[in-house]
There are 2 protein chains.
Amino acid sequence: MVPAGGAGTRLWPLSRSSSPKFLRDLTGTGRSLLQGTHDRLAPLVQDRFLVVTGRAHRDAVAEQLPDVDGAAIVAEPSARDSMAAIGLAAAMLERRDPDAVMGSFAADHVIADPAGFGDAVRVATAAARDGWLVTIGIDPTFPSAAFGYIHLGDDLEGHAGAHAVVEFVEKPSVDVAERYLATGRYRWNAGMFVVRPTVLLDLLAEGDPDFAAALRAIAADPDTLEDAWAGLPKIALDHAVAEPAAAAGRVAVVPASFGWDDIGDFDSLATLLEAPDPSSVTVLGDDALVRAIAATGLVVPGGGKVVAVVGLDDVVVVDTPDALLVTTRARAQDVKAIVAALKESGRTDLT
Amino acid sequence: MVPAGGAGTRLWPLSRSSSPKFLRDLTGTGRSLLQGTHDRLAPLVQDRFLVVTGRAHRDAVAEQLPDVDGAAIVAEPSARDSMAAIGLAAAMLERRDPDAVMGSFAADHVIADPAGFGDAVRVATAAARDGWLVTIGIDPTFPSAAFGYIHLGDDLEGHAGAHAVVEFVEKPSVDVAERYLATGRYRWNAGMFVVRPTVLLDLLAEGDPDFAAALRAIAADPDTLEDAWAGLPKIALDHAVAEPAAAAGRVAVVPASFGWDDIGDFDSLATLLEAPDPSSVTVLGDDALVRAIAATGLVVPGGGKVVAVVGLDDVVVVDTPDALLVTTRARAQDVKAIVAALKESGRTDLT
């Protein structure tokens, strides 16, 4: 199952609430991030593919995934965070096949090595069949303060390549992240979970039995979705299930390294796209529209016009038909402040 | 007379060969630079106003100057530098009034203090009546390497405020310009000339009698303009007349300080427009389209879309419907290289 949500405000003006990150081709491959996620999962799951997305994006998701049955694209009446979205999918899958193993993978991540990803998922699936809540922990490539971390415990008996999880830790400072990396025992939390739906819902029920029951009731009678949805708690799966389950020794992790990126901002997008010539700009889009002199960074000529950049290093220029962003890779995180300012001044049409 | 030519490539993409600098409102006053020049000169010359411009711009000039008689807008068949343009005006004016004094002032300069300008022109006019070729020398405000300089000689007898000119000097290095400023005897050459048309043409005739005769022949029979024009030398008035005349002791200068700027590039435009709040960006155009966070510099939201700038100092962002420029004030001179690159790649539609 693929939770397809999040506006990706740090990628404005490419990503908008009306056209979020997962619907955009941010890698220049001709496929959106959602389509890339589908392409990557299809060899593992065939047609057992389920998307949970916002009502506003249901049609766009269906259009981008013509091979996916309409019934497998579930529209949330409103955004209620990841526990509700993934929990609903679990309740639906539990009814369909009580012995199934499900995996949950975000719609807006990229993975450079799909075969390596598939290997990790297979190890995780085997552990999930034995009743573990399994996550995949990404080998950190730098001491990031933008991700949560997973603290590795002992090897998981009978499952080579898997470990018990000591705990999940929130986004640390860079200093703390450096200490984590030095131990070799921490991995990035990419929000990937592999688990039997029944195990997931039973773990949820231990902390919030009403929530688990409500999800199972909706799955039993999908017509109640509209009315029941607004009453569900708005909470992340990590807090509702993963953290307490880890404390109880019931979570496993498969450490892996397959070139994962969540494209959190234009800085990471620039790193991901990597200029053919590091002394010039990276172009996402039509190269012929860009003229750069003594410049490096990322240029997105998405407005159809010529974009000329002169004498700026690590600049980010994103042109679209109705909005233009100029910033630097170092300030890429601050783009969300522009989105906030636009909202505040009533220009929600642009956000 | 106003020579209205020059593409202003360092102000691309605001200034184009199809829509050059002098036709643009670069100061946010609602009047183009040409209109501003007309407004400034009208109190001094009433309707004795003559424009020489390129054929491609004749209609636009007429449209911007509805008060100017069509016969007073002379279209050059091709660009042949300033001697031909100003010399033709001189020949036309000489026929109209042999005792006239003419002034030549570029169409794309700005002047902060029109009254001070008028005072300088009046001093220059009095000296011109006595047969001098008179220029106006701008008090330098910094050691610019972008302008030629005028070396002041002795006071001009009978004309308080005017000096003889020792020589015109080409654009110096900054070091040399600093030495010029230290002497107090150098002024910027802004290409302003006040002179009796007959004096100007006779000075020209001393070096190139055929050129002067050709200009007078065209003025005598304007129908010959088309055929005769292409045969005229392509030379600046400074080289053809002003420099040799200065060497012969026949040029005077009126030093003056009236807030002159030729808006040579976006750096000088940014200085000229001066942000209300120096910690934010200066906007030329609709303020409501610009969102800036931790940024300074110049933003021109000329494409009608929102322009967001985050975390860049002294940046220059110029958006237009078909081209976008991003550079810095320090690199403003290099914008002409973009225009050259566009021409080379066949995108003359954008230049």
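Student: Hi! What covers the buried residues of H1(A)?

Tutor: Among the elements that do are strand S1 (2-4), helix H2 (58-64), strand S5 (110-111) and helix H4 (114-129) of chain A. Helices (H or I, at least four residues) and strands (E, at least two) are DSSP runs numbered from the N terminus. This is a predicted model, where local features need pLDDT of at least 70, side-chain atom pairs count only at pLDDT 80 or more, and totals for chains, interfaces and linings use all residues. Residues are numbered from 1 along each chain as its sequence is written, with chains lettered from A and ligands numbered from 1 in the order in which they are written.

Student: Got it. Which residues in H1(A) are buried?

Tutor: Leu33(A), Leu34(A), Gly36(A), Thr37(A), His38(A), Arg40(A) and Leu41(A). Buried means that 20 or more other C-beta atoms, placed from the backbone, lie within 10 Å of the residue's own.

Student: And what comes just after H1(A)?

Tutor: Gln46(A), with a positive phi of about 50°.

Student: Switching topic: how many residues of chain B are in contact with chain A?

Tutor: 29 residues of chain B, facing 29 residues of chain A. Contact means C-beta atoms, placed from the backbone, within 7 Å. S17(B) gives the largest share of chain B's side, six residues.

Student: How do S15 of chain A and S17(B) run, parallel or antiparallel?

Tutor: Parallel, with four bridges joining S15 (residues 306-310) of chain A to S17(B).

Student: Which residue is the bridge partner of Val309(A) in S17(B)?

Tutor: Val326(B) is the partner there.

Note on methods:
A residue is buried if 20 or more other C-beta atoms lie within 10 Å of its own, exposed if 12 or fewer, and partly exposed in between; C-beta atoms are placed from the backbone. Two residues are in contact if their C-beta atoms, placed from the backbone, lie within 7 Å. Two strands pair if DSSP finds at least two bridges between them.
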